[in-house]
Amino acid sequence: MSKKETGQKILLTAVFMAVATLLSKVLGQARDSILTAYFGSGVISDAFLTASTIPTTFFDVIIGGVISATFIPVFNDIMSKHGKEEAMKFVNKFVTMIVSISVVIVALGILFRGTLVSIQTNYVGEKHALTAQLTAIMFPMIIFTGLAFSFVGLLQSFGEYKIPAIISLVSNTAIILYYPLFAKRFGVYGLSVTMVIAWSLQFLILVPWIKKFGVKFRPDFRFKDPYIKQALTLAGPMLISTWVQPLYTVINQRFASNIESAVTYIQQSNRLYIIVVGVFSFVVTNLIFPKLAKAVAEGNDNEARNLTVTSMRSIVLVIAPLMAIFMVLHNHISNLIFGFGKMDSESIAAIGALLKFYAIGMLGLGLNEILSKAFFSMNDSKTPMRNSVISMVINIMLAYLLYRLMSTNGLALAAAFGSIVNAALNWYCMTRRNKGIIGKNDVVNMLKSVLSAFIMGVAMALVYMLIKNRFTGWTGSFIICVICGICGIIVYGILLLITGEEDVKNIIRKKR
């Protein structure tokens, strides 16, 4: 296959992943919006959202980051040096280990469900009891999540990106269908069971494709293996470096649980914020990370450098204008997504305010995804670990301070600053480790994108001031977002052309 055909194939794959991820995130947001529409923003939604985050937080903190960041570099290293047969032996042992750990976590989680709820919240009485019951129901999600994560990494290492990109579509669809079909009959308990079923579907969809690549999984408990040891050696620091976002959630949830409905506000705004950044950072990191790991394993430093810097520039180019849109139109975006069912105007405004403060950290979160994965591909997990610890400490300190000054809005601002600090530290360490990896020209182009997005935000704010009183209600929010959004994107595009941003110029040349 020629270089041109390879480039076209990568582009088509990226487009497919972007569309599939966007649809999945849209369905995920619809799933969360329907929750508050059915149950409001009170005890039931607080309990369910808290209960659903406890198992996922445990997964992320204990094994999630290890699977996504350790498996791929070690697997590619074995494939490159010893071939597929040896790599498959590693797969059997690694997946067996992950499932074993997951089963232990599930058992402990169910046993100590009440204690876990007390650690994360200040709930008492009926609210605490309901949250503990729902937590116990949803803990088995971890087992299927571990299996799905492992085999997604395997398929991506074989160059199969499309199927892993659609698995969330299936699980989110299953949860959405629950509401009209069963919600009135089985309520929030049935919804919790559906969450477990939905996660199991993510794994089951992968099974035929795993077989397609000749993978025959056989449980193997012989963990005394040099490659398992290599993975575990990377795992310790890597785990800590991936704790940032889950621990932000825990910290914010603990503070917010003192205020009625605040957990729902925090969870819904944070999920929307993560979805927006995640659509693009997910596509870039999941497409690039296996290629980065392969380039490093083969000693192709130039290719690794190009992949890292191109990913960073792409993230800034896309995330910067989204950041401007969220900071200007936060209230109307909140109304569009949550302004129906049992949600009142006060709840919608509270989520909108949180979105504005979370949006400050969008670029930091996106860049940190790229830089962390770049370090992981180099088998360096200690550097992002140290930077994550520093950013976590700063986040906790800011959360205590800003919560007193700004209530829950302070928690969102603290999380945003934590993401910025983490990205800045990883940027600094990457440039120290690899001199010239981020050249002056790369920085200039990223600054062009940021400056253009800033002016775009100013232009949108001016347009908003002119039209904000002319439209009301949900339809009014839609019209305002469309008008301001289109004006903003036009301004952003013109400014990128005027400033001569190179990535945009290259896209235009290719079209010609």
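Contact here means heavy atoms within 4.5 Å.

**Figure 1. Overview of the predicted chain.** This is a predicted model, in which local features need pLDDT of at least 70, side-chain atom pairs count only at pLDDT 80 or more, and totals for chains, interfaces and linings use all residues. Residues are numbered from 1 along each chain as its sequence is written, and side-chain values use heavy atoms, with hydrogens and water left out. Among contacts between residues at least 6 apart in sequence, 84% join residues at least 24 apart. The secondary structure comprises 18 helices and 0 strands. Helices (H or I, at least four residues) and strands (E, at least two) are DSSP runs, numbered from the N terminus. Of the 512 residues, 55% count as buried. Buried means under 20% relative accessible area, exposed over 50%, and partly exposed in between (1.4 Å probe, protein chains only). The accessible surface of the chain is about 22300 Å², and 67% of that area belongs to carbon and sulfur atoms. These areas come from the Shrake-Rupley method with a 1.4 Å probe; for residues, only the protein chains shown count as cover.

**Figure 2. The largest nonpolar core.** A nonpolar core is a set of buried Ala, Val, Leu, Ile, Met, Phe, Trp, Tyr and Cys residues joined through side-chain atoms within 4.5 Å. The largest one holds 110 residues. Phe 90, Phe 151, Leu 206, Leu 329 and Met 362 touch the most other members. Helix H11 (residues 301-338) gives this core its largest share, 18 residues. Another core lies apart from it, with 21 residues, among them Leu 35, Met 141, Ile 175 and Ala 183.

**Figure 3. Phe 90 and its surroundings.** Neighbours within four places in sequence aside, Phe 90 is in contact with Phe 71, Val 74, Phe 75, Ile 78, Tyr 227, Ile 228 and Ala 231. The structure holds 9 aromatic pairs. In one of them, the ring centres of Phe 90 and Phe 94 are 5.5 Å apart and the planes stand at 45°, so the pair is tilted. Rings of Phe, Tyr and Trp (its six-membered ring) pair if their centres lie within 6.5 Å; planes under 30 degrees apart count as stacked, over 60 as edge-to-face and the rest as tilted. Phe 90 and Phe 94 are 4 residues apart in helix H3 (residues 84-111), so about one helical turn separates them. Both are buried.

**Figure 4. A cluster of aromatic rings.** Tyr 38, Tyr 178, Tyr 179, Phe 182 and Phe 186 form one aromatic cluster. Tyr 178 is buried, with a relative accessible area of 4%. Tyr 179 is buried too, at 2%.

**Figure 5. Thr 121 in its loop.** Thr 121 sits in the loop between helix H4 (113-120) and helix H5 (125-138). With 2% relative accessibility, Thr 121 counts as buried. Its side chain reaches the backbone oxygen of Val 117 at 2.8 Å. The side chain of Thr 121 also reaches the backbone nitrogen of Tyr 123 at 3.3 Å. Not counting residues up to four places away in sequence, Thr 121 touches Thr 50, Arg 254 and Ser 257.

Figure 6. A salt bridge is a side-chain nitrogen of Lys or Arg within 4 Å of a carboxyl oxygen of Asp or Glu. By this rule there are 7 salt bridges. Asp 46 pairs with Lys 127, the closest N and O atoms being 2.9 Å apart. Asp 46 lies in helix H2 (residues 43-82) and Lys 127 in helix H5, so the pair ties together parts that are 81 residues apart in sequence. Asp 46 and Lys 127 are buried. Asp 225 forms a salt bridge with Lys 93, with the closest N and O atoms 2.8 Å apart. This pair also links distant parts: Asp 225 is in the loop between helix H7 (162-212) and helix H8 (226-241), and Lys 93 is in helix H3, 132 residues apart. Asp 225 counts as buried at 13% relative accessibility. Lys 93 is buried, at 9%.

Figure 7. Arg 222 forms a salt bridge with Asp 220, and their closest N and O atoms are 2.9 Å apart. Arg 222 is exposed, with a relative accessible area of 58%, whereas Asp 220 is buried, at 11%. Elsewhere, Arg 305, Arg 313 and Asp 442 are linked in a network of salt bridges.

Conventions: Polar contact = N/O pair within 3.5 Å; in protein donor to acceptor, adjacent residues only side chain to side chain.
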